[in-house]
Amino acid sequence: MGREHDKNAVLELDLPSPAAEKEPPPHYHGHRDRLRERFLSQGPEALQDYELVELLLFQAIPRRDVKPLAKQLLNRFGSFWGLVSAPVATLRDEFKLSDAAIGAIKVVAAAALRMARRELLDRPVLSSWQKLLDYCQGALAHEPVEQFRVLFLDGRHALLRDEVQQRGTVNQTAAYPREVLKRALELGASGIILVHNHPSGDPSPSRADIQMTKAIADAAKALEISVHDHLVIGRGRHFSFRAQGLV
């Protein structure tokens, strides 16, 4: 009898209590629902940048409070656009983000640039100059190395193609007039706009930038192709060769 009683006592001690079976939901579950509701009902202007980053991370990181991470990312890259333009390797190595989280972040930049380019295609670029500058800033301002692009225009000054011609190092890239003009002839372009970035953030042109621009402009003139401008893109700033009388 005593042994039976002891056995039952052990069994009772091993049974989990009803409270232990169901853990309370993490505090951030309610936060996620509230944040989504505010975004959908009041629009993106009702949210701060870190809250938009939280929304991006929710689906990729379902069981974690992502607010601290969102703030760390913005602090590291300086702005929302700086974050979505950040190198994949930096996001992976420095912050240990999964491919799902990186994809959620990078798709924002891809979608924004695609929409901005769509706004320029088949429209007179020279009369939509601010949109062109915004597009170039988005595409190049946060690139970690120099990139030389050419915007090819048709006879109506509408954008035919935006192509990367060369990628260089953190402080220089090479551009070859022959290759630029050969491609312009292939596309039937009647005008071009040269664009490259300075990863340092300072858009002031170097002596090599000025010499290269003159070489392309001189060669283009013989082919009756107009060089409308050369834009050097920094972070939040740009330098226009046309505005400075250098083209």
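Strand β3 (residues 191-197) and strand β4 (residues 226-233) run parallel, joined by 7 bridges. Strands here are DSSP E runs of at least two residues, helices are H or I runs of at least four, and both are numbered from the N terminus. Two strands pair if DSSP finds at least two bridges between them. Within this pair, glycine 191 sits opposite serine 226 of β4.

Before going further, a word on what you're looking at. This is a predicted model, where local features need pLDDT of at least 70 and side-chain atom pairs count only at pLDDT 80 or more, while totals for chains, interfaces and linings use all residues. Residues are numbered from 1 along each chain as its sequence is written, and side-chain values use heavy atoms, with hydrogens and water left out.

Now zoom out to the sheet. It is open, has 5 strands in the order β2-β1-β3-β4-β5, and its pairing is mixed. The edges belong to β2 (159-167) and β5 (238-240); each has a single partner strand, so one side of each is left without a neighbour in the sheet. On average, and ignoring direction, neighbouring strands are turned by 20° against each other. As a reminder, strands of a sheet pair through backbone hydrogen bonds, either parallel or antiparallel.

The antiparallel sense shows up between β1 and β2, which pair over 7 bridges. One place to look is phenylalanine 148, whose bridge partner in β2 is glutamine 166. The hairpin of β1 and β2 has 5 residues between the strands, and there histidine 157 takes a positive phi near 65°.

Which helices pack on this sheet? Helix α9 (residues 129-140) does, touching β1 (147-153), β2, β3, β4 and β5, with its direction at about 50° to that of β4. Contact here means heavy atoms within 4.5 Å. Angles run from 0 to 180 degrees between N-to-C directions, and axes are lines fitted to C-alpha atoms, for helices over the stretch in contact. Helix α10 (residues 177-187) lies across β1, β2 and β3, running at about 155° to β2.

The axes of α8 and α9 come within 10 Å and cross at roughly 150°. That makes α8 roughly antiparallel to α9; the cut-offs are under 35 degrees for roughly parallel, over 145 for roughly antiparallel, 65 to 115 for roughly perpendicular, and oblique for the rest. The crossing is left-handed, which is the label when the near helix is turned anticlockwise from the far one by less than a right angle, with clockwise giving right-handed. Leu113, Ala116, Arg117, Glu119 and Leu120 of α8 meet Lys131, Leu132, Tyr135, Gly138 and Ala139 of α9. By class, this contact has 6 nonpolar, 1 polar and 3 charged residues (Ala, Val, Leu, Ile, Met, Phe, Trp, Tyr, Cys and Pro count as nonpolar, Asp, Glu, Lys and Arg as charged, and the others, Gly among them, as polar).

Val88, Leu91 and Arg92 of α7 make the contact with Asp99, Ile102, Ile105 and Lys106 of α8.

Finally, helix α5 (residues 67-77) packs on helix α7 (residues 88-95) at about 125°, with the axes 13 Å apart. That makes α5 oblique to α7. The contact involves Leu69, Gln72, Leu73, Arg76 and Phe77 of α5, and Thr90, Leu91, Glu94 and Phe95 of α7.

What about aromatic pairs? Rings of Phe, Tyr and Trp (its six-membered ring) pair if their centres lie within 6.5 Å, with planes under 30 degrees apart called stacked, over 60 edge-to-face and the rest tilted. The count by this rule is 2. The rings of phenylalanine 77 and phenylalanine 95 have centres 6.0 Å apart and planes at 45°, so the pair is tilted. Phenylalanine 77 lies in α5 and phenylalanine 95 in α7, so the pair ties together parts that are 18 residues apart in sequence.
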